[in-house]
Amino acid sequence: MKTNAELQKDVQDAIKWEPLLHSAEIGVTAKNGVVSLTGIVDSYAKKMQAEDAAKNVVGVKVLVENIKVKFPNSRSKTDNEIADEIIAAFESNTVIPEKQIKVKVEDGWVDLDGELPWDYLREITENAIQYLPGVKGIYNNITIKPEIRERVDKKDIEEALKRSSIDDKEIEVSVSGSTVTLTGAVHSWRQKEEAGRIAWKTPGIEHVKNELKVDYEYDF
């Protein structure tokens with residue numbers, strides 16, 4: 001079990017351990033498993049890496065992320081320049097179906113829209129642009145419309161969870177049409193995210209409702 005002070009220090013140490021975040025000024029508070037991150041960084045990649053580092057810490061139940069991205073004047077870019085780099089990034093990755101994706105850039109914030117057949121393509125699309133200079137944030141609004149229309153089998157998802165490293169004893173899987181809902185509890189934020197990724201790999205799926213809770217006891 002951890003106290004609030006111990007959890008705060010663990011998250012601070014996890015963030016400092018990331019080479020990209022070595023000089024980033026990120027504030028951390030922790031209370032009853034709710035961790036808040038604040039501060040200013042000079043790239044969207046640093047913002048995401050701080051979030052990922054915090055999620056990997058055992059004991060984090062909820063993450064509140066209020067990190068701002070602010071570029072030095074020498075590194076700022078116009079929305080048109082960012083848009084051109086996004087197009088180039090998509091064209092250089094043969095996996096990304098760029099013709100099915102609509103992009104809007106406004107004040108450094110990128111909106112992604114469109115329909116793709118698999119969630120991994122949606123994830124690859126976002127990952128391809130999060131390190132581009134000038135990007136302040138990404139709204140990934142891409143929806144999933146599977147090419148394969150078949151009944152989603154609850155048992156297949158349960159077996160996939162059992163094959164993984166996740167402690168799935170308290171996970172409940174329910175299926176309604178093309179929507180999968182995960183309820184119950186896991187022992188870390190990373191397990192919650194991994195359970196969601198596993199569910200998204202199911203053929204025929206359009207939506208995943210990841211309602212898993214992170215179960216961790218604290219020493220008060």
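I started with Lys145, which counts as partly exposed because its relative accessibility is 35%. I use buried for under 20% relative accessible area, exposed for over 50%, and partly exposed for in between (1.4 Å probe, protein chains only). This is a predicted model: local features need pLDDT of at least 70, side-chain atom pairs count only at pLDDT 80 or more, and totals for chains, interfaces and linings use all residues. Residues are numbered from 1 along each chain as its sequence is written, and side-chain values use heavy atoms, with hydrogens and water left out.

**Salt bridges**

I looked up the partner of Lys145 next. Its side chain meets that of Glu206 in a salt bridge (3.3 Å, N to O). The pair links distant parts of the chain, 61 residues apart: Lys145 sits in the loop between strand 7 and helix 5, Glu206 in the loop between helix 6 and strand 10. Glu206 counts as buried, because its relative accessibility is 11%.

My rule for a salt bridge is a side-chain nitrogen of Lys or Arg within 4 Å of a carboxyl oxygen of Asp or Glu. By this rule I get 18 salt bridges. My helices (H or I, at least four residues) and strands (E, at least two) are DSSP runs, numbered from the N terminus.

I noted Asp107 and Lys136 as another pair, at 3.4 Å, N to O. Asp107 is in the loop between strand 4 (101–106) and strand 5 (109–116), and Lys136 is in the loop between helix 4 and strand 6, 29 residues apart. Lys136 is partly exposed, at 22% relative accessible area.

Then I checked Arg197 and Glu123, whose side chains form a salt bridge (3.8 Å, N to O). Arg197 lies in helix 6 and Glu123 in helix 4, so this pair ties together parts 74 residues apart in sequence. Arg197 is partly exposed at 31%. Glu123 is partly exposed at 33%.

**The largest pocket**

Which residues lie nearest the centre of the largest pocket? They are Lys55, Glu123, Glu126, Glu193 and Arg197, out of 19 lining residues. Helix 2 (44–55), helix 4 (119–127), strand 6 (137–140), helix 6 (189–200) and strand 10 (207–210) each give two or more residues to the lining. I wrote down a volume of about 790 Å³.

For the method, I work on a 1 Å grid over the protein atoms alone; a pocket is an open set of points where a 1.4 Å probe fits, with protein on both sides within 12 Å along at least five of seven lines, and lining residues have an atom within 4 Å of a point. The volume is the space filled by probe spheres set on the points.

By class, I find four nonpolar, five polar and ten charged residues in the lining. Asp, Glu, Lys and Arg count as charged.

**Surface patch and loops**

I found a nonpolar surface patch of about 180 Å², made by Val34, Val62 and Val64. Patch residues have over 30% relative accessible area and no salt bridge, and nonpolar side chains are joined within 5 Å. Val64 lies in strand 3 (residues 62–69). Val64 is partly exposed at 33%.

I ended with two loop residues. Ile148 is in the loop between strand 7 (143–144) and helix 5 (154–163). Its C-alpha atom is separated by 40 Å from that of Glu18, 130 residues apart along the chain. Asn32 is in the loop between strand 1 (25–31) and strand 2 (34–41). Asn32 is partly exposed at 37%.

Terms used: Patch = residues over 30% accessible without salt bridge, like charges linked within 9 Å, V, L, I, M, F, W, Y side chains within 5 Å. Areas by Shrake-Rupley, 256 points an atom, 1.4 Å probe, with all protein chains shown as cover.
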